[in-house]
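Biologist: I would like to learn how to read a model like this one. Can we go through it feature by feature?

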Amino acid sequence: MFKARFPKFRSLMIFALIIGAALFYQQWIYSEEAILINGKSVQVIDGDSFKSGEEEFRIYGIDAPEYRQNCIDETGADWPCGKVARNGLDEILRKEDHRCTVRTRDRFGRLVVLCASEAGADLSAMLVSDGLAVSGQNFDETIYATDERDAQKAKRGIWRGKFVRPDIWRAQNPRR
């Protein structure tokens, strides 16, 4: 009898339950989960990503030169800015543990994380300030814009000469 008299109401209730369950699931999956990263046990992949155990992480808010990417220094000579960026991230992570907050997953399945050292220093800001990464690229371009301008003025890292932005370099040099 209930089915015959209120078919639209029943369908609406089922739809509302499904939407509610989906929203709950999304909050549960992407809640601000903090992960402690032991800097001595990570495997750095490139200047903005690393692996800990079986999980891969992408650092939020920045884009670093790719491992195979070269830049041009102030004298016009090539230098391996991608390897320098990777080594810089490795050095920073190995100094102390970092607490990383999960923001989302990217299209490659990596956890996108915002990390801070035990002393509270923002990992992304450190990399941009050292000229090892640029602010933005698939993130809000203004997050680390001040750090980027400071690195550019001081000619640190990639700013000491010429370089191709990492996103453009990737488009011009697809993986084979």
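**Rings, strands and a helix**

Modeller: Start with Phe57, which is buried because its relative accessible area is 3%. Buried means under 20% relative accessible area, exposed over 50%, and partly exposed in between, with a 1.4 Å probe and protein chains only. This is a predicted model: local features need pLDDT of at least 70, side-chain atom pairs count only at pLDDT 80 or more, and totals for chains, interfaces and linings use all residues. Residues are numbered from 1 along each chain as its sequence is written, and side-chain values use heavy atoms, with hydrogens and water left out.

Biologist: How many aromatic pairs are there, by what rule?

Modeller: A pair of aromatic rings is described by the distance of the centres and the angle of the planes. Rings of Phe, Tyr and Trp (its six-membered ring) pair if their centres lie within 6.5 Å; planes under 30 degrees apart count as stacked, over 60 as edge-to-face and the rest as tilted. By this rule there are two aromatic pairs. Phe50 and Phe57 are stacked, because their ring centres lie 5.1 Å apart and their planes are at 20°. Trp159 and Phe163 are edge-to-face, with 4.9 Å centre to centre and 90° between the planes.

Biologist: Are Phe50 and Trp159 buried or exposed?

Modeller: Phe50 has 0% relative accessibility, so it counts as buried. Trp159 is at 14%, so Trp159 counts as buried too.

Biologist: Which charged ends sit over rings?

Modeller: The test is geometric: NZ of Lys or CZ of Arg within 6 Å of the ring centre and within 35 degrees of the ring normal. Arg103 places its charged end over the ring of Tyr60, 4.3 Å from the centre. Arg160 lies over the face of Trp79, at 3.9 Å from the ring centre.

Biologist: Now the secondary structure. How many helices and strands does the protein chain have?

Modeller: Helices (H or I, at least four residues) and strands (E, at least two) are DSSP runs, numbered from the N terminus. The protein chain has six helices and 10 strands.

Biologist: How does strand S8 pair?

Modeller: Two strands pair if DSSP finds at least two bridges between them. S8 (residues 98-105) runs antiparallel to S1 (residues 34-37), with four bridges. There, Ile35 has Cys100 as its bridge partner. S8 also pairs with S9 (residues 111-117), antiparallel, over seven bridges. In that pairing Val102 stands opposite Val113. Five residues lie between the strands of the S8 and S9 hairpin, where Gly109 takes a positive phi near 90°.

Biologist: Which residues of H5 are buried?

Modeller: Ala145, Asp147, Glu148 and Ala151 are buried in H5. They line one face of the helix, because seen down the axis they fall within an arc of 160°. The arc is that of the directions from the helix axis to the C-beta atoms. These buried residues pack against helix H4 (123-129) and strand S10 (134-135).

Biologist: What follows H5?

Modeller: Lys155 does, with a positive phi near 55°, although Lys155 is not a glycine. Lys155 is found in the loop between H5 (145-154) and H6 (166-172). Its relative accessibility is 57%, so Lys155 counts as exposed.

Biologist: And the chain overall?

Modeller: Buried residues make up 38% of its 176 residues. Contact means heavy atoms within 4.5 Å. Among contacts between residues at least 6 apart in sequence, 58% join residues at least 24 apart.
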